[in-house]
Amino acid sequence: MSARDRLAVTLLLVSTFVVILNETIMGVALPRLRDDLGVTASAAQWLTTGFLLTMAVVIPVTGFLLQRLTTRAAFLGAMTAFSVGTTVCALAPGFEVLLAGRVVQALGTAVMLPLLMTTVMNVTPPEGRGRTMGNISVVISVAPAIGPTVSGLILSVLDWRWMFGLVLPIALTALVLGALRLPNVTEPRWARVDVPSVVLSAIGFGGLVFGLSHVGEAAQGGVDPTTVGALAVGVVGLGVFVARQLRLQRRDDALLDLRTFRVRTFAVGVALMAVMMMSLFGSIIMLPIYAQDVLGLDTLRTGLLLLPGGLLMGLLAPIVGRAYDRLGPRPLLVPGTVLVSLAVWAMALLLREGGTPWVVVGAHLTMSAGLALVFTPLFTSALGAVPKPLYSHGSAVIGTVQQVAGAAGTAVFVTVLTAVSAGLVADGADAVTATAGGVRGAFLLGAILSLPAIGAALLVRPAPPGAERPVGH
């Protein structure tokens, strides 16, 4: 990789880490925001739901955008949106303005990850992609994992506005550096925008994420017609969207080209990634609940409890990337999926009332090590297996699946937690015992889902050079 390309990748890595960190930074802050802003818990939850909803609507469109725009134009647009949104959040006088700022932040965040992946696939030779993808794994897995820790540390000493105020100078610095130094490393081409596909994408993916984000709330109060309706609209919209893309891709006009799924390694890799993302986001929501509501830890100690796992993923990701370049995917994926499964089974069996924080730390470290072994081989082999003209669409698919799987993991884990806890309370259990039982129930389902992932890991093959194969029709 040339010095010019290394500069582009480094700047994109740092910027993407900063923007993705904001995806989970709000979790432990919601109780503080609810009290300070005088809103209900369900309203405060929209600060996370609105962010995820915007991401789910925009990411599928990035496959088209990254074909039309230069690297520089896409980066400047994304970081400008993120910086404006962060400024609005930092200065927000009330809930409505804060929510608007979060939506604008998400507009920029949605573009950055597909932009980073597409750029890396275009400028990195196949024999060295593992090392660079290892750095991307730091962004994708570590940034969401340490978001609650960063939030807890800030809230322990500062006002909630500093969650945005401390990020803003970093975002502005990246924006200025990008304006001055970022080269164009990809060649844009003309592509027609299909407006009906944009609308169907928003309805399909937006409906799914909205419905999944509110499944947990519905579980607490019975069947919620709004949640069921959103899920139904999302499923129908997604079905029509897929049918339209299959028709448009015959003449290379698809908004999100689904020919990527004709490549078995890509299809298996995306499915396996979805299961791993469900485990990651499910644990991100479950472990703080267990730490605070069962172990009685405060926000700061809860955040610190999850910090070792996030740091371990960050330390292992570059090492795993170099190992991928030597060994290929399977020698890393198989032990990685086994470790993730063992960790989730341990949490399903050991997270009881009266437990110790060290059990959480040990299980989370094991899961983090497993995820570090999984993410880099998955991204590298999956994207490397598709033809070069479809890199931007493959990146958009991965980003979309990440968002939907994260929302699904959160929804499934919270729903099981709520249902099991309610049943235990009805049987006479106290709140702590019921919550612990609900957490174990959620992780038990996750443990069962993790078992097929081990078999799927055996199906992932090393990626041949994508540029050498034509796009099939």
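Into which domains is the protein chain divided?

Analyst: The model is predicted, so local features need pLDDT of at least 70 and side-chain atom pairs count only at pLDDT 80 or more, whereas totals for chains, interfaces and linings use all residues. Residues are numbered from 1 along each chain as its sequence is written, and side-chain values use heavy atoms, with hydrogens and water left out.

The protein chain is divided into domain 1 (1–188), domain 2 (195–254) and domain 3 (263–463), with bounds from an automatic or database domain assignment. Between domain 1 and domain 3, the C-alpha centres are 21 Å apart. Their contact (heavy atoms within 4.5 Å) draws on 39 residues of domain 1 and 38 residues of domain 3.

About 3300 Å² is buried between domain 1 and domain 3, 70% of it from carbon and sulfur atoms; this is the accessible area (1.4 Å probe) that two parts lose on being put together, summed over both. Met117, Met121 and Thr149 contribute 14% of the area that domain 1 buries against domain 3, more than any other three residues.

The count of salt bridges between domain 1 and domain 3 is zero, a salt bridge being a side-chain nitrogen of Lys or Arg within 4 Å of a carboxyl oxygen of Asp or Glu.

The largest share, 19 residues, belongs to α8.

Terms used. Helix = DSSP H or I, 4+ residues; strand = E, 2+ residues; numbered from the N terminus.
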